[in-house]
Amino acid sequence: MGARGIIQLKGIAKSYGAVTALRDASLTLEGGEFHALLGMNGSGKSTVIKVLSGVIRPDAGEIRCDGQAVAFASPADARRRGIVVAYQDLSLIPTLSVLENVVLAIQGSRPGSRLDLARERTLALCRELGLTLDLEASVGALPTPARYQLEIVKALAQEPDLLVLDESTAALDRNQVEAVFALLRRLNAGGLGVLFVSHRMDEVMRLATRVTVIRDGTTVASVALAETTRERLVATLVGEDAQPRPASPVTASGPGPTDADLAVEVRELSRPPRLAPATVRVRQGEIVGLGGLQGQGQREFLRAVAWLDPPATGQVRVGPRGIPIAGERRARAHVWYVSGDRGREGVFPGRAVWENVYAQEIGIGGPTRRIAERDLRRRVIELLRRVRVVAQPTQPIETLSGGTQQKALLGRLLTRTPELVLLDDPTLGVDVHSRREIHDILRELASAGSGVLLFSTDDDELLSLCHRILVFFEGSIIHELQGEQLTREHLVRATLSPQEAS
Ligand SMILES: Nc1ncnc2c1ncn2[C@@H]1O[C@H](COP(=O)(O)OP(=O)(O)OP(=O)(O)O)[C@@H](O)[C@H]1O
Ligand SMILES: [Mg+2]
């Protein structure tokens with residue numbers, strides 16, 4: 001009997017040394033459901049999925065398929081039952097081509113399957129996701145969103161009965177997410193069961209028919225979506241003791257910048273072919289969003305401002321005195337750049353949490369400096385408490401869950417008040433509660449005088465935080481939204497209608 005029947009996890013426990021990842025987790029999946037698994041960062045979602053897919057064996061508890069106890073000794077065992085996972089950390093082999101990755105997966109589940117069939121299936125799935133890929137290209141060269149899309153293609157190419165998506169949509173923008181959902185809905189109508197993890201509550205509310213909430217390794221609720229509300233779900237996943245609180249309102253933006261309160265002036269900054277000359281002024285205390293679909297030049301813009309990828313033309317001046325930034329070293333002194341793409345930039349694996357937080361201070365990935373190590377470690381503990389990371393400062397960063405790593409990196413924002421903060425999708429994979437905490441930190445930074453430039457694939461994040469939103473399209477800023485235009489409707493329209501650009 002495959003995954004079209006009922007799969008149950010009951011009383012699952014799993015520890016890693018002193019860390020208890022799962023205490024008492026349970027999950028019941030009916031065939032053909034659209035089931036969301038919710039929980040804060042580090043609550044145990046990925047661990048549950050790894051148990052379900054045979055990647056790890058639980059210390060206690062049982063797995064049942066249609067009432068019958070089963071043991072998954074390996075992912076192959078789970079796959080035989082029709083369970084396939086698109087992993088949060090991706091399971092692609094970067095040195096192989098797109099097609100080779102898919103073929104390997106298909107042959108793993110159906111030995112002897114034909115290459116032309118694999119190619120056909122890959123092309124068809126990519127087409128449905130709106131993904132144009134050279135099948136011979138090596139996966140290592142793909143941008144992050146394409147890798148997540150390919151991870152989904154690879155999973156679906158194995159024709160599962162139950163598809164598990166562990167934050168597969170986190171790195172995708174609105175259009176890419178829509179394409180994934182359209183495909184899943186179609187397959188779900190044909191009987192495919194889906195279990196998915198997402199920290200974006202609007203995705204959960206739109207798609208799921210059933211929701212299971214896990215907190216501190218224990219399943220605390222499993223309800224039909226129709227029987228609950230968004231607020232109740234958030235309260236459940238956070239826990240009774242922590243009061244859900246409304247997001248602080250954005251303070252109104254005053255008159256245009258004068259030099260006296262200038263945080264940054266960017267003039268005619270370009271980096272062809274991805275970034276056309278862009279001119280932007282941000283005041284101290286102002287949070288300016290960069291909107292538009294993913295890959296329209298927002299990242300290039302931020303990286304050029306930070307001089308991580310030096311611009312071809314243009315100038316950047318920071319602070320009221322208009323200090324010119326030219327060169328990465330000068331930029332580092334005035335500008336903070338934090339990326340949510342921690343796989344590619346940001347995290348230094350093998351290094352402790354505290355070393356990662358203070359990477360810039362202690363000179364990892366840059367010029368070495370001498371600092372009082374013990375002092376930094378002490379400060380890091382305070383920092384972690386603030387962003388609610390339960391970890392030892394000396395723990396290697398890769399032992400934290402994905403979102404927890406990201407929170408620790410964002411703790412860097414508490415270390416000082418730079419003139420300018422540049423954020424590249426900073427809360428990617430961060431849970432809904434911590435996200436609010438981080439938004440508060442950003443507002444505090446702004447009140448303390450920093451200017452903030454924020455790119456986010458999450459519309460809610462842009463709309464709740466920003467005083468203004470600059471919409472990018474094909475490397476140019478084509479719209480500026482402010483005041484009453486800061487609504488989802490305006491943002492979507494501005495993104496989708498470049499031809500109406502003023
Ligand atoms: N290989 C490991 N070694 C040590 N600890 C681990 C390991 N894998 C997970 N953990 C710990 O187990 C707990 C649960 O982690 P898990 O990855 O399941 O969380 P999650 O709910 O998926 O979080 P996120 O939303 O951040 O992805 C965390 O405290 C994490 O640090
Ligand atoms: Mg996870």
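Predicted model: local features only at pLDDT ≥ 70, side-chain atom pairs only at ≥ 80, totals over all residues.
**Ground rules.** I number residues from 1 along each chain as its sequence is written, with chains lettered from A and ligands numbered from 1 in the order in which they are written. I looked up the residues near ligand 1 (C-beta atom, placed from the backbone, within 6 Å). There are 19, and the closest are Ala 21, Asn 41, Ser 46, Ser 401 and Gly 403. Strand E2 (19-29), helix H1 (45-52) and helix H14 (402-410) each give two or more residues to this shell. Helices (H or I, at least four residues) and strands (E, at least two) are DSSP runs, numbered from the N terminus. I sorted the shell into 4 nonpolar, 13 polar and 2 charged residues; Asp, Glu, Lys and Arg count as charged, Ala, Val, Leu, Ile, Met, Phe, Trp, Tyr, Cys and Pro as nonpolar, and the others, Gly among them, as polar.

**Val 452.** I found Val 452 in strand E18 (residues 451-455). Is Val 452 buried or exposed? Val 452 is buried, with 27 other C-beta atoms within 10 Å; the cut-off for buried is 20 or more, for exposed 12 or fewer, and partly exposed lies in between, with C-beta atoms placed from the backbone.

**Strand E19.** I noted that 5 of the 6 residues of E19 (residues 468-473) are buried, so this strand is largely enclosed by the rest of the structure. Strand E13 (residues 287-291) runs parallel to E19, joined by 4 bridges; strands pair if DSSP finds at least two bridges between them. Gly 289 stands opposite Ile 469 in E19. E19 also pairs with strand E20 (residues 476-482), antiparallel, over 6 bridges.
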